[in-house]
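Here is a friendly briefing to read with the model open beside you.

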Amino acid sequence: MVPLHFSHFQSLLLFALIISLAFGTLGRRKPIERVKYAAWSFAMFVLVGIALGWLMYPFSK
Amino acid sequence: MFEDDTGAHTAAEASGEPRAVQNPESVTESGLGTADSAIEPNGSEAPSAARAIAVALAGWLLPGLGHALLKMWGRAMALFLTVGFLVYLGAGMRGNVFEPGGEDAFARLGYVADAGAGSFYFVARALEVQGSDVSHADGDYGTRFLATAGVLNLLAALHAYEAARGRKA
């Protein structure tokens with residue numbers, strides 16, 4: 001298969017999107033709750049990921 | 001985390017079967033019920049543990065199959081697609097597909113996580129013909145994608161087991 005290449009940020013977004021959609025679909029019963037939960041999960045994945053990245057930044061040098 | 005598609009939480013409810021009314025002929029001398037199912041004090045038939053284990057095993061072997069057997073079609077499809085997509089991306093990004101008998105605890109844990117994807121573990125190995133390459137960021141992320149696919153599938157198999165046992169999961 002053709003190798004796929006993504007940057008850190010693209011990988012983070014892709015991971016957050018897939019897992020959020022799965023959590024939303026599997027974890028809630030009503031459609032509106034699913035959308036809300038998926039959006040909340042996605043936002044948290046991305047924000048916490050970026051925050052942790054900045055927290056680790058000083059140790060990368 | 002999980003709730004039911006239709007609000008029906010038991011395998012019997014999901015399959016449309018009515019709750020069993022106690023049948024005196026189905027109760028053994030010990031009072032524990034038949035080999036397949038036990039009669040609860042309120043007279044209803046408890047879901048079979050063997051069937052629940054079979055449902056969980058099916059869900060582990062093929063992501064979504066456990067929920068499909070419980071007629072939770074939406075979740076079955078979501079699981080199949082999610083785990084499949086994660087495995088495809090993980091293998092495409094040349095993530096590490098751990099093999100049994102790893103050298104250290106991380107490799108062994110990685111194998112447990114990867115094997116959680118059931119048959120899709122072998123799909124990942126078949127797709128990754130060039131072998132893993134974790135010297136780049138995407139290869140490292142691919143390893144996480146593969147492990148996440150396995151852990152998500154194990155969680156789903158556990159949910160299918162709980163739903164088949166008639167517990168709110």
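The cover over the buried residues of H6(B) includes H4, H5 and H7 of chain B. Helices here are DSSP runs of H or I with at least four residues, strands are runs of E with at least two, and both are numbered from the N terminus. This is a predicted model, in which local features need pLDDT of at least 70, side-chain atom pairs count only at pLDDT 80 or more, and totals for chains, interfaces and linings use all residues. Residues are numbered from 1 along each chain as its sequence is written, while chains are lettered from A and ligands numbered from 1 in the order in which they are written.

- B:Phe120, B:Tyr121 and B:Ala124 are the buried residues in H6(B) (buried: 20 or more other C-beta atoms within 10 Å of its own; exposed: 12 or fewer; partly exposed: in between; C-beta atoms are placed from the backbone).
- These buried residues line one face of H6(B), because they fall within an arc of 115° seen down its axis (the arc is that of the directions from the helix axis to the C-beta atoms).
- Turned away from that buried side, H6(B) carries the exposed residues B:Ser119, B:Phe122 and B:Ala126.
- In H5(B), residues 105-115, the buried residues are B:Gly110, B:Ala113 and B:Asp114.
- They sit on the same side of H5(B), because their arc around the axis is only 95°.
- H6 and H7 of chain B are among what covers them.

**The largest nonpolar core**

- Of its 40 residues, B:Val83, B:Val87, B:Phe145, B:Ala149 and B:Ala160 touch the most other members (such a core is a set of buried Ala, Val, Leu, Ile, Met, Phe, Trp, Tyr and Cys residues joined through C-beta atoms within 7 Å).
- H7(B) gives the most to this core, with 12 residues.
- Leaving aside neighbours within four places in sequence, B:Phe145 is in contact with A:Phe15, B:Leu86, B:Leu89, B:Gly90, B:Met93 and B:Gly95 (contact: C-beta atoms, placed from the backbone, within 7 Å).

**Where the chains meet**

- On chain B, 23 residues are in contact with 18 residues of chain A.
- H4(B) gives the most to the side of chain B that touches chain A, with nine residues.

**Chain A**

- Chain A has two helices and zero strands.
- Of its 61 residues, 16% count as buried.
- The C-alpha atoms of chain A fill a box of roughly 45 × 35 × 10 Å, taken along the principal axes.

Methods. Contact = placed C-beta atoms within 7 Å.
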